[in-house]
Amino acid sequence: MTTQSLGLTFRYSHTIGRGQNAGPGFRHPVAMARGKEDRMYVLSRSQEYRVDGKRVTMCTVGEDFIGEFGTSGPLIGDNAGQSASSGDAPFTWPTAIALDKEGNVYVADEWLNLISMFTKDGEPIGKWGTVGHGDGEMDRPSGLAFDGEDNLYLVDSGNNRIQKFTKDGRFLATWGREGRGDGEFNLPWGIDIDRDGDVYVADWRNDRIQKFNGNGQFVMKIGASGTGDGEFNRPTGVAVDKDGIIYVTDWGNDRLQVFDRGGRFITKLIGDATISKWGAMKLDANPDMWNEREVAHGLEREKPLLKPIAVEIDDQGRIFVVETVRSRIQVYRKLSPSFLGRFDNARL
């Protein structure tokens, strides 16, 4: 499906993923990060009783499986991380993932109150974090984002604040407190930093996005509680593209909302999912399942977004919307008028 609004065009591309506790698939993904050479890192939270599903899946945008790491169950791939036998399984309630300039992978865990670090291939290289309420301590960390100087901004959700660290965990700054006023938070979750160094925070329970400069000074806010255009019901993720367009996963309203750099509503995407390559592989291995789908009613219900939790943007204008309930990622493209003509002519 193609959505056009105010001179911008958004076109559905494809779906990535299937429900899987190991190997090619995800199990309740909560975040993703884009690496180099079309590589993706998708963080799965799994269920309480399935420790083997908690992991980072490495794959490409074209859905080629590379490997996984961080699992406390069976290891897949040549560069898988720690296993349960090591006595140091890294994840319990993972929440967020981010990459530094060198491509190292950082994962936040809100149960352990830790940031775990891995190489780009999943080898563990360290961890840091202390539970508490003082400077540099954390309570249920969620969103992670690096700025242009490779400093790490962390959403300290339980403490209702943002903290800034060096990438090895040295405390630099903090701002925010509990409340509904400008610069205050109520269980914030997602975060992103634009090319100017401005910081965007999904203020979850306050149903809004707040924007700050890199020093934590309040700039503006977007949204209010509700179901109308530009309103939110528990926003979870936020991302800003190279043109300053703002994308928000409106979790409770089952949609992705798009805003201009001034916070004005542009459009919304509600989902256009098709069967992923991995999903088709699973169906091909069970031909009767294809037959069951042919006679099933209501398959249109598979298309819409259901509780989207995170959004990621790359420099090619691709928009990745993570759906935790359906263990998949829907991919869209933002097309400029000139590119749209080439796109249509090529019939891609």
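Let's start with His28. At 25% relative accessibility, His28 counts as partly exposed; that class runs between buried, under 20% relative accessible area, and exposed, over 50%, with a 1.4 Å probe and protein chains only. His28 is found in the loop between β2 (8–16) and β3 (29–34). Strands here are DSSP runs of E, at least two residues; helices are runs of H or I, at least four; both are numbered from the N terminus. The phi of His28 is positive, about 55°, although His28 is not a glycine. Most residues other than glycine have a negative phi.

Asp150 has a positive phi too, about 70°, and is not a glycine either. Look for Asp150 in the loop between β11 and β12 (152–156). Is Asp150 buried or exposed? Asp150 is buried, with a relative accessible area of 11%.

A word on the model. It is predicted, so local features need pLDDT of at least 70 and side-chain atom pairs count only at pLDDT 80 or more, while totals for chains, interfaces and linings use all residues. Residues are numbered from 1 along each chain as its sequence is written, and side-chain values use heavy atoms, with hydrogens and water left out.

Now confidence. pLDDT is the predictor's confidence in each residue, from 0 to 100. The chain has a mean pLDDT of 90, and 90% of its residues reach 70 or more. Over residues 73–88 the pLDDT is below 50, and this stretch has 38 contacts beyond near neighbours in sequence. Contact means heavy atoms within 4.5 Å. Residues 338–348 also have a pLDDT below 50, with nine contacts beyond near neighbours. Where pLDDT is low, the predicted coordinates should not be read in detail.

Next, the whole chain. There are three helices and 25 strands. The radius of gyration is 20 Å, close to the 20 Å that the globule rule gives for 348 residues, so the chain is as compact as a globular protein of that length. That radius is taken over C-alpha atoms, and the rule is 2.2 Å times the number of residues to the power 0.38. The C-alpha trace spans about 60 × 55 × 35 Å along its principal axes. Of the 348 residues, 56% count as buried. Among contacts with a separation of 6 or more, 47% come from residues 24 or more positions apart.

On to the rings. How many aromatic pairs does the structure hold? It holds 17. Rings of Phe, Tyr and Trp (its six-membered ring) pair if their centres lie within 6.5 Å; planes under 30 degrees apart are stacked, over 60 edge-to-face, the rest tilted. Phe91 and Phe118 are edge-to-face, 6.0 Å centre to centre, with 65° between the planes. Phe91 lies in the loop between β6 (65–69) and β7 (94–99) and Phe118 in strand β9 (residues 114–118), so the pair ties together parts 27 residues apart in sequence. Phe91 is buried at 6% relative accessibility, and Phe118 is buried at 1%.

Tyr106 and Phe146 are edge-to-face as well: 5.0 Å centre to centre, 75° between the planes. Tyr106 is in strand β8 (residues 105–109) and Phe146 in strand β11 (residues 141–146), so this pair ties together parts 40 residues apart in sequence. Tyr106 is buried at 3%, and Phe146 at 14%.

Last, charges over rings. The charged end of Arg234 sits over the ring of Trp204, 5.3 Å from its centre. The charged end of Lys307 sits over the ring of Trp251, 5.5 Å from its centre. The cut-offs: NZ of Lys or CZ of Arg within 6 Å of the ring centre and within 35 degrees of the ring normal.
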